[in-house]
Amino acid sequence: MQEALGRMLLVSGPSGCGKSTICRRLLTDDRVVFSVSATTRPMRPGEVDGRDYHFLSAQEFRARRDAGEFIESAEVHGNMYGTLRRPMEAALAAGRVFLVEIDVQGALQLKSLEVPGIFVFIAPPSMEILRERLAGRGTESPKVLERRLQKAEDECRERERYDHVVVNDELETAVNEVRRIAGLETGPVAGLASDGAIR
Ligand code: ADP
Ligand code: 5GP
């Protein structure tokens, strides 16, 4: 059997630290595959089933969870979310980097399950800058924003439990640092030819 050469890269941190921004940049590399989570929450305008999430009914989610299809699952704001096992196995077997963008709760759950992966905590340069960025994104009401900042302080205390901490000050520097950690700074991942075939 072909040995799995890929690796799992978990990008985590508090809301507004820059997870999505950094993951979007990493995904310009075709050696990187994004983990599309399953969720029971309703689809938002502009979202695409299978691209943003796999949107499932609560019944289907439970059935698939009970069948062991998720490596982790969690309830967030009354909806269920889970990371699918099969795409992870396929990506790793193909020697690709399986990129999981995940909140701190989910990452620590995976860490405690000893899921093999590189756990990267994206830290804001300061709480003031995090506040500015979250406010600048303009996607949360002032009340939700305050709640997220409060939570962010607790989450930042968990950074010691990660394998690496990358401070997202200058974006380009942070992206390059994550690339280096994942072994993506040069050439293809060992074992994966540039055409994607495994040799
Ligand atoms: P998350 O996915 O962790 O919630 P986002 O990627 O949405 O965070 O980033 C939050 C906001 O901060 C976005 O408006 C994004 O454009 C901005 N941002 C992210 N990284 C940087 C950076 N290094 N410098 C300045 N602004 C940034
Ligand atoms: P949203 O519904 O806004 O897309 O995501 C809400 C929250 O669910 C975010 O904090 C996000 O990180 C988290 N989330 C998304 N997918 C997963 C997943 O597969 N597992 C876990 N544990 N959390 C997830």
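This is a predicted model: local features need pLDDT of at least 70, side-chain atom pairs count only at pLDDT 80 or more; totals for chains, interfaces and linings use all residues.
Two residues are taken to be in contact when heavy atoms of theirs lie within 4.5 Å.

Asn168 sits in the loop that lies between strand E9 (164-167) and helix H7. Its relative accessibility is 5%, and because buried means under 20%, Asn168 counts as buried. Leaving aside neighbours within four places in sequence, the residues in contact with Asn168 are Cys17, Gly18, Ile22, Ile122, Ala123, Pro125, Arg133 and Ala174. With Cys17 there is also a polar approach: a polar atom of the Asn168 side chain lies 2.8 Å from the backbone oxygen of Cys17.

**Packing of H1 against H7**

Helix H1 spans residues 19-26 and helix H7 spans residues 171-182; their axes come within 10 Å and cross at roughly 60°. The crossing of H1 past H7 is right-handed. On the H1 side, the contact is made by Thr21, Ile22, Arg25 and Leu26, while H7 contributes Leu171, Glu172, Ala174, Val175, Val178 and Arg179. Sorted by class, this contact has 6 nonpolar, 1 polar and 3 charged residues. Ile22 and Ala174, which take part in this helix contact, are also among the residues in contact with Asn168.

**Ligand 1**

Ligand 1 is surrounded by 14 residues, of which the closest are Gly16, Ser20, Thr21, Arg137 and Asn168. Asn168 is thus named here as well as being a buried loop residue.

**Ligand 2**

The surroundings of ligand 2 consist of Ser37, Arg41, Arg44, Tyr53, Glu72, Ala74, Val76, Tyr81, Gly82, Thr83, Asp103 and Gly106. Among them, Arg41, Glu72 and Tyr81 each bring a side-chain N or O atom to the ligand at the distances tabulated below.

| Ligand and its atom | Residue and its atom | Distance |
|---|---|---|
| Ligand 1, oxygen | Ser20, side-chain N or O | 2.7 Å |
| Ligand 1, nitrogen | Asp169, polar backbone atom | 3.0 Å |
| Ligand 2, oxygen | Arg41, side-chain N or O | 2.5 Å |
| Ligand 2, nitrogen | Glu72, side-chain N or O | 2.6 Å |
| Ligand 2, oxygen | Tyr81, side-chain N or O | 2.4 Å |

Terms used. Residues are numbered from 1 along each chain as its sequence is written. Chains are lettered from A and ligands numbered from 1 in the order in which they are written. Side-chain values use heavy atoms; hydrogens and water are left out. Axes are lines fitted to C-alpha atoms, for helices over the stretch in contact, and angles run from 0 to 180 degrees between N-to-C directions. Helices (H or I, at least four residues) and strands (E, at least two) are DSSP runs, numbered from the N terminus. A crossing is left-handed if the near helix is turned anticlockwise from the far one by less than a right angle, and right-handed if clockwise. Ala, Val, Leu, Ile, Met, Phe, Trp, Tyr, Cys and Pro count as nonpolar, Asp, Glu, Lys and Arg as charged, and the others, Gly among them, as polar. Buried means under 20% relative accessible area, exposed over 50%, partly exposed in between (1.4 Å probe, protein chains only). A polar contact is a pair of N or O atoms within 3.5 Å; within protein, one must be able to donate a hydrogen and the other to accept it, and residues adjacent in sequence count only if both atoms are side-chain atoms. A residue is near a molecule or strand if one of its heavy atoms lies within 4 Å of it.
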